[in-house]
Amino acid sequence: MKTKRKQNRLNGKLLVAAALCLAAVGSLYAISTSRPKAAANTVEASTACDTKNPSAHNHAAHISNPISEGDSLGVIEAPVIDTVSAPVPAPEGMVWIPGGEFSMGSEASEMRDARPFHRVRIDGFWMDQTEVTNEEFARFVKATGYVTVAERTPNARDLPGAPPENLVAGSVVFTPPNKKVPLDNHFAWWGYVPGANWRHPNGPQSNLEGKEKHPVVHIAFEDAAAYAQWAGKRLPTEAEFEFAARGALDRKRFPWGDEFKPGGKFQANSFQGHFPDTNTGDDGFLGSAPVGSFAANGFGLFDMAGNVWEWTADWYRADYYKTLAATDQVARNPQGPADSFDPSEPGVAKRVHKGGSFLCTDEYCARYMPGGRGKGEANTGTNHLGFRCVRSAK
Ligand SMILES: [Ca+2]
């Protein structure tokens with residue numbers, strides 16, 4: 001931990017939320033976030049996507065011609081779903097994910113860190129049917145007195161040179177501009193809001209009234225891990241999350257199939273309109289939705305795509321899939337790499353996020369497809385990042 005802090009100091013980068021998107025391909029929307037160190041004086045450049053870019057509307061092209069510069073798609077074969085019956089009794093609110101073997105990864109051309117596809121075998125496990133809700137998190141806080149990272153005043157020792165007035169507890173909130181903005185500057189829609197935390201998701205004036213069943217947000221990795229431990233659970237590995245999200249389907253684009261809106265019906269809480277300024281809320285929600293507002297996938301899991309991003313236990317490395325694929329072995333219950341490295345922000349230790357959020361902008365957004373990957377600095381929560389837990393069979 002000390003090393004990481006030192007790296008952050010040396011780095012000197014005081015990062016605000018980084019919305020990462022590739023406008024060039026237009027088919028990706030991801031948010032990679034770092035808790036804004038309150039004294040920000042330099043920022044990480046990022047790009048953003050306009051999903052209405054015509055080039056986005058050709059998913060088939062991703063599949064037929066996705067590879068360049070020596071990338072390999074890897075092994076893409078049908079999954080094997082184990083038929084061993086679920087242990088009994090089922091823990092409350094959890095469903096049995098039977099385990100099996102699948103090809104993990106994404107064919108989306110822009111998602112280089114999610115390739116090559118590689119075979120992974122997962123043991124069966126229990127998974128929360130939904131994201132952890134505000135009322136569930138409140139029970140944890142009531143029982144333990146836990147204080148989340150976003151509620152703690154940043155420590156001056158960790159932020160040398162920061163003026164005292166900037167050492168204020170808070171978190172990163174999506175605040176849409178009221179006009180079209182260039183998509184290369186995420187500060188137009190992400191901001192550090194003092195007083196924002198899980199109790200006040202949009203800032204000090206907001207509260208949880210009527211949001212009891214919404215996913216808890218502004219959760220840092222250690223907050224999620226603390227909750228999981230209290231609940232006698234753990235966070236899913238990235239591989240477990242992806243296997244579960246695929247819902248026993250055979251290589252489908254989404255947790256429910258290949259079609260984004262079968263029968264004209266939304267299957268996930270996503271963003272409609274013009275990002276980031278005009279959110280039409282066609283799916284019924286402008287922000288987060290009560291968990292389970294959309295249909296469950298084949299395993300009985302809700303919101304495995306959309307609503308809020310979810311923490312996984314794994315460190316993020318851009319080259320992790322390559323490392324696994326190079327062994328030519330089936331990876332058994334992979335736990336992620338031993339450390340983190342994101343070439344776009346060296347020195348910032350990140351964990352993997354999965355599932356995308358209500359800010360994923362349309363059906364061509366690869367990040368909320370099962371094979372999509374997100375990433376975030378471990379101390380950074382936002383108002384579109386939450387989590388759910390799993391439990392091993394034994
Ligand atoms: Ca989700």
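This tour moves through one protein chain, stop by stop, and states what to select at each.

**Before starting**

The structure is a predicted model, in which local features need pLDDT of at least 70, side-chain atom pairs count only at pLDDT 80 or more, and totals for chains, interfaces and linings use all residues. Residues are numbered from 1 along each chain as its sequence is written. The term pLDDT is the predictor's confidence in each residue, from 0 to 100.

**The whole chain**

Colour the chain by pLDDT: the mean is 83, and 81% of the residues reach 70 or more. Then select residues 1-69, where the pLDDT is below 50. Beyond near neighbours in sequence, this stretch has 156 contacts in the model; two residues are in contact if their C-beta atoms, placed from the backbone, lie within 7 Å.

Next, display the secondary structure, which comes to 6 helices and 17 strands. Helices (H or I, at least four residues) and strands (E, at least two) are DSSP runs, numbered from the N terminus. Of the 394 residues in the chain, 49% are buried. A residue is called buried if 20 or more other C-beta atoms lie within 10 Å of its own, exposed if 12 or fewer, and partly exposed in between, with C-beta atoms placed from the backbone. Among contacts with a separation of 6 or more, 75% are between residues 24 or more positions apart.

**Stop 1: the sheet β3-β5-β6-β13**

Select these 4 strands, which form an open sheet in that order with mixed pairing. Two strands pair if DSSP finds at least two bridges between them. At the edges are β3 (80-81) and β13 (331-332), each of which pairs on one side only. Strand β6 (residues 118-122) runs parallel to β13, and 2 bridges connect the pair. Here Arg121 stands opposite Arg332 in β13.

**Stop 2**

Show the side chains of Trp96 and Trp126: Trp96 stands opposite Trp126 in β7.

**Stop 2: the largest nonpolar core**

A nonpolar core is a set of buried Ala, Val, Leu, Ile, Met, Phe, Trp, Tyr and Cys residues joined through C-beta atoms within 7 Å. The largest has 75 residues, of which Met127, Ile219, Ala224, Leu235 and Ala244 touch the most other members. Helix α5 gives the most to this core, with 5 residues. Centre the view on Ala244, which touches Ile97, Met127, Phe299, Leu301 and Met304, leaving aside residues up to four places away in sequence.

**Stop 3: helix α3**

Select residues 134-144, helix α3, and pick out its buried residues Asn134, Glu136 and Phe137. Seen down the axis, they fall within an arc of 165 degrees, so they line one face of the helix; the arc is that of the directions from the helix axis to the C-beta atoms. Lys142 and Ala143, on the other side, are exposed. Helix α4 is included in what covers the buried residues of α3. After α3 comes Gly145, with a positive phi near 75 degrees.

**Stop 4: points in the loops**

Two cis peptide bonds may be inspected here.

- Arg115 to Pro116: omega is about -5 degrees, and Pro116 is in the loop between β5 and β6.
- Phe275 to Pro276: omega is near -5 degrees, and Pro276 is in the loop between β10 (273-274) and β11 (278-279).

Ala248 is partly exposed because 16 other C-beta atoms lie within 10 Å.

Finish at Gly210, in the loop between β9 (190-194) and α4 (221-230). Why does Gly210 count as exposed? Gly210 has 8 C-beta neighbours inside 10 Å. Gly210 and Pro290 are 80 residues apart in sequence, and 9.4 Å separates their C-alpha atoms in space.
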